[in-house]
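Hello,

Here is the structure I promised to pass on to you. Have a look at it first, and then read my notes below.

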Amino acid sequence: PPPPPSKENIDSTVRDFSLHKDTAIIYYVNHRTMRADGTPVDESFDFVHVWMRDGDDWKIMASMSRLSGTGK
């Protein structure tokens, strides 16, 4: 049987963005208030993604994430 639907609740906020020629770096924070099983939490995660332009497309080249604490 298929897995039950996720109850996870995450708000994403872009904190910074940098663009130089064909490279973009995006820093954002995800604030999770509910896990997939419905358990309430107050967790924040920092994310950095590095994107590179490939013709007309953008492709993610690297990423890093870490638990940054609780709340926003």
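**A nonpolar patch on the surface**

Val-14, Phe-17, Leu-19 and Trp-58 make up a nonpolar patch on the surface, and together they have about 410 Å² of accessible area. Please keep in mind that this is a predicted model.

Which strand gives the most to the patch? That is strand E1 (residues 9-20), with 3 residues. Trp-58, another member of the patch, lies in strand E4 (residues 57-69).

**How the strands pair**

Strand E2 (residues 23-34) and strand E3 (residues 40-54) run antiparallel and are joined by 11 bridges. To find your place in this pair, look for Asn-30, which stands opposite Phe-45 in E3. The hairpin of E2 and E3 has 5 residues between the strands, and in this hairpin Gly-38 takes a positive phi near 100 degrees.

E3 also pairs with E4: the two run antiparallel, with 11 bridges between them. How many residues lie between the strands in the hairpin of E3 and E4? There are 2, and Gly-55 in this hairpin takes a positive phi near 70 degrees.

Enjoy exploring, and write back with any questions.

Best wishes

Definitions and conventions. Residues are numbered from 1 along each chain as its sequence is written. This is a predicted model: local features need pLDDT of at least 70, side-chain atom pairs count only at pLDDT 80 or more; totals for chains, interfaces and linings use all residues. Side-chain values use heavy atoms; hydrogens and water are left out. Patches are made of residues with over 30% relative accessible area and no salt bridge: like charges are joined within 9 Å, nonpolar side chains (Val, Leu, Ile, Met, Phe, Trp, Tyr) within 5 Å. Accessible areas come from the Shrake-Rupley method with a 1.4 Å probe; for residues, only the protein chains shown count as cover. A salt bridge is a side-chain nitrogen of Lys or Arg within 4 Å of a carboxyl oxygen of Asp or Glu. Helices (H or I, at least four residues) and strands (E, at least two) are DSSP runs, numbered from the N terminus. Two strands pair if DSSP finds at least two bridges between them.
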